[in-house]
Amino acid sequence: MTQDELKTLVGQAALQYVKPGTIVGVGTGSTVNKFIDALASMKDQIAGAVSSSVASTERLQALGIKVFDATEVDELAVYIDGADEIDHAGNMVKGGGAALTREKIVAAQSRQFVCIADESKLVQTLGGFALPVEVIPMAARRIARQFAAMGGAATLRLKDGAPLVTDNGQQILDVTGLKITDPLAFETLVSQWPGVVTVGVFAFQKASVCLLGAPGGVKTLVF
């Protein structure tokens with residue numbers, strides 16, 4: 001199976017975690033787009049969705065799914081999103097699609113995080129994928145130096161030759177060269193650095209379930 005077919009497979013499998021009558025938390029990215037397309041098949045059975053990005057909101061609305069603002073909803077039963085990496089405890093690296101801050105907000109609002117990914121995203125130790133960190137621009141150079149002191153190399157993410165601007169009006173540093181052996185401690189530390197909006201380690205908001213697309217079908221990991 002191609003990677004695209006694996007994404008379709010897990011996107012459809014995630015529907016089993018969507019309860020009729022509820023508002024669903026929806027993430028961002030190519031795998032989530034497959035879930036959104038699948039969700040359209042039961043749009044009349046749900047109340048709507050809370051989205052983690054402008055791109056996902058537009059896709060949901062185009063398919064006729066009502067999108068609520070996060071401030072209109074107290075709690076979500078489930079949040080469904082992808083990951084750039086996930087370890088065997090459910091900790092993740094996220095933010096390849098630049099939506100990590102809103103993803104973490106919606107994840108924190110949800111009772112259950114269901115991660116959907118292909119099996120190439122399952123790793124022993126986080127850090128092989130460049131770690132996204134959303135930062136306030138005036139702090140970017142200092143934060144890059146702090147990562148350098150940890151052995152990491154931080155690069156400002158560009159789009160069309162200029163610094164990428166997130167949905168929140170901020171910038172993203174992508175950090176390579178790290179081995180994140182204690183995700184919870186790492187997230188705690190970096191989150192305290194002045195100017196860091198969100199670090200792309202999801203340990204406090206880790207997955208409770210991961211649906212992994214594999215050639216033999218969908219593997220379910222429960223954490």
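User: Is A214 buried or exposed, and what is its relative accessible area?

Analyst: In this predicted model, local features need pLDDT of at least 70 and side-chain atom pairs count only at pLDDT 80 or more, whereas totals for chains, interfaces and linings use all residues. Residues are numbered from 1 along each chain as its sequence is written, and side-chain values use heavy atoms, with hydrogens and water left out. A214 belongs to strand β15, where strands (E, at least two residues) and helices (H or I, at least four) are DSSP runs numbered from the N terminus. With buried defined as under 20% relative accessible area, exposed as over 50% and partly exposed as in between (1.4 Å probe, protein chains only), A214 is buried, at 3%.

User: Which residues is A214 in contact with, leaving aside its neighbours within four places in sequence?

Analyst: Contact here means heavy atoms within 4.5 Å. Once the neighbours within four places are set aside, the partners of A214 are M1, L6, L9, E119 and K219.

User: Which elements do the buried residues of α1 pack against?

Analyst: Helix α1 buries L6, K7, V10, G11 and A13. These residues span an arc of only 160° around the axis (taken from the directions from the helix axis to the C-beta atoms), which puts them on the same side of α1. The elements that the buried residues of α1 pack against are α2 (30-39), β7, β15 (209-214) and β16 (217-222).

User: Which exposed residues does α5 carry on the face turned away from its buried side?

Analyst: Within helix α5 (residues 140-149), the buried positions are A140, I143, A144 and F147. Viewed down the axis of α5 they fall within an arc of 105°, so they line one face of the helix. An α-helix has 3.6 residues a turn, so residues three or four places apart point the same way. Elements including β8 (131-135), β9, β12, α6 (183-191) and β13 (196-199) cover that buried side, while the face of α5 turned away from it carries R141, R145 and A149.

User: How many salt bridges does the count come to?

Analyst: Side chains of opposite charge can pair when their charged atoms come close. The rule applied requires a side-chain nitrogen of Lys or Arg within 4 Å of a carboxyl oxygen of Asp or Glu. By this rule, the number of salt bridges comes to nine.

User: How many residues apart in sequence are the parts that E75 and R111 tie together?

Analyst: E75 and R111 form a salt bridge with their closest N and O atoms 2.7 Å apart. E75 lies in the loop between β3 (67-68) and β4 (79-81) and R111 in the loop between α4 (100-108) and β7 (113-118), so the parts tied together are 36 residues apart.

User: Which residues are linked with K94 in a network of salt bridges?

Analyst: K94 pairs with D81, the closest N and O atoms lying 2.7 Å apart. K94 sits in the loop between β6 (92-93) and α4 and D81 in strand β4, so this pair connects parts 13 residues apart in sequence. Both partners are buried, K94 at 3% relative accessibility and D81 at 0%. The salt-bridge network that includes K94 also links D81 and E103.

User: With which side chain does the side chain of S52 make a polar contact?

Analyst: S52 occupies the loop between β2 (48-51) and α3 (54-62), and is buried with a relative accessible area of 0%. Beyond four places away in sequence, S52 touches V26, G27, T28, Y79, A99, R102, E103 and V106. A polar contact is a pair of N or O atoms within 3.5 Å, of which, within protein, one must be able to donate a hydrogen and the other to accept it, and residues adjacent in sequence count only if both atoms are side-chain atoms. At 2.7 Å, the side-chain partner of S52 is T28.
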